[in-house]
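Here is a structure, followed by questions on how its features get their labels. Each answer sets a value against a definition.

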Amino acid sequence: MKDIFDYFAAQRDRHVAELCTFLSIPSVSTRSEHKGDVARAATWVASSLERAGLEDVVINPTKGHPCVTGHTPHVAGAPTVLVYGHYDVQPPEPLELWKSPAFAPEIRQGRIYARGAADDKGQVFLHLKVLEAYKAVRGGCPINVKVLIEGEEEIGSPNLVPFVKANKKLLACDAVIVSDTHMLGVNTPSITVGLRGLAALQMTVRAAKSDLHSGTFGGGVANPLQVLAEILVGCKDPKSGKIKIPGFYDQVRKLGAADKKALALVPHDDAAWLKSTGAPALFGEAGFGTLARIGARPTFEINGMWGGYTGEGVKTVLPSEAHAKISMRLVPDQDPREIVKLAKAHIEAIAPDHVKVDVRIDKNMGSPSFVDPNFPAMAAAARAVERVFKKAPAFTREGGSIPIVADFERVLGRPTVLLGFGLPDDGLHAPNEKFDLRMFDKGVRTLACLIDELAAAQR
Ligand code: BES
Ligand code: MN
Ligand code: MN
């Protein structure tokens, strides 16, 4: 590997500069005014793949944003992996909290600050540079690497499932490799084996036909904001943190002895974790520890609620409407389609007759996934991690979601290795998102070793 590692060292400055160019494209998938920028990021990925020697590089149009595909020159008899990632990013707001602008990447103390630095442009970039290195140093990649980089992950990958279904042959592989998660620390390597799923809904509570004078009418008809709060308490118990939607936990896979053992092996310190959040105390589902609460158990969260008067001073108003956005993180074997139905039915059932409640189910949902760590590509990944970090990886469950991973299993019938190089404090979706350059260096090396391990396993 020395030849490849030397190449990374020699090209480091150019590589970082290139990543900065990629990060300066505001490819915000949820905003229509950025459609052109999202397309520009796709073109950037495609030309970078071509320069790394990939063949059949295509920018595939979809009903939404395009996905980019390509593959290394075919090596007969060698294993095939599919590398998946996303070039779209979350909106940068609130802008005033960024120390340097979100789309003007800046390096401070060995960290690169920009929206998408860790999620996921920086991590996609690692794969591009590993392929470039094999081509430059060895004349090519010793295994078959297919690449699928999409532009809609941050909006729930609405057009990727049809693309995967329609292109099963093109994407056929032995395993999928995804770098879009984090490790426990710079010197505490880990591989993710579980992702939570996601289901979301929005609810509106209405009473009077318009806002009313709270003196003239207040006390005579219901206040929708008050009722919204009551309904929400009816969905999750304030004391036990248990979700009160009937049937919600029915499909939750019980943590077996092996799962508990794996959780116990993950280095975790509640006090340090709590400190990193800034909250005054831990809170979560009764009967479970923090690691289980954030990785192995489902949640019900209010992402936003609004209504009434929120401006300066006092306004004596009886609002006519109240709104809330809810999302639920799901675990195996909960089905997001089933869960949103249960939630809607429960909300409608507990809503009192003195209001009208309207529940809208969100389309962007993802299934949870859990990968059995016992398959060849996972073992190769663990060996690659150990070669670079000089330590065996822990196997962790991630609380976040990558919707397409469950579909890779379902549609392609293949497991995914979630080998990410972010860190827990990277600030994904938040101001001052960063990617640690130590993880950048370890990332390219580990992914290069992974290809080497996969090639060796075949010989
Ligand atoms: N890369 C994240 C998933 C993730 C989050 C991994 C935290 C590791 C730690 C991904 O880009 C993401 O943000 N997913 C969304 C999915 C949603 C928009 C459908 C999520 O988890 O909220
Ligand atoms: Mn991501
Ligand atoms: Mn994200």
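Q: What makes two strands a pair?
A: Two strands pair if DSSP finds at least two bridges between them. Strands (E, at least two residues) and helices (H or I, at least four) are DSSP runs, numbered from the N terminus. In β13, Lys 325 is the bridge partner of Gln 202. Strand β9 (residues 197-206) and strand β13 (residues 321-330) are joined by ten bridges in the antiparallel sense, against the required at least two.

The model is predicted: local features need pLDDT of at least 70 and side-chain atom pairs pLDDT 80 or more, while totals for chains, interfaces and linings use all residues. Residues are numbered from 1 along each chain as its sequence is written, chains are lettered from A and ligands numbered from 1 in the order written, and side-chain values use heavy atoms, without hydrogens and water.

Q: What makes β11 and β14 edge strands?
A: The open sheet of four strands has the order β11-β13-β9-β14, with antiparallel pairing. β11 (299-306) and β14 (356-361) each pair on one side only, and are therefore the edge strands.

Q: Which strands does helix α10 lie across?
A: Helix α10 (residues 336-350) lies across β9, β13 and β14, where contact means heavy atoms within 4.5 Å. The helix runs at about 20° to β9; axes are lines fitted to C-alpha atoms, for helices over the stretch in contact, and angles run from 0 to 180 degrees between N-to-C directions.

Q: Which residues coordinate the manganese ion (ligand 3)?
A: Asp 119 (OD), Glu 154 (OE), Glu 154 (OE) and His 429 (NE2) coordinate the ion at 2.1 to 2.5 Å. Donors are N, O and S atoms within 2.8 Å of the metal (3.2 Å for Na, K and Ca); water is not among the atoms, so sites may look incomplete.

Q: Why is the site of the manganese ion (ligand 3) called irregular?
A: Six donors count as octahedral if opposite donors are over 155 degrees apart and all others between 65 and 115; four count as square planar by these limits, or as tetrahedral if all angles lie between 85 and 135 degrees; anything else is irregular. The six donor atoms here make angles of 56 to 156°.

Q: Why is Cys 141 called buried?
A: Buried means under 20% relative accessible area, exposed over 50%, partly exposed in between (1.4 Å probe, protein chains only). Cys 141 has 11%, so it is buried. Cys 20, at 19%, is also buried.
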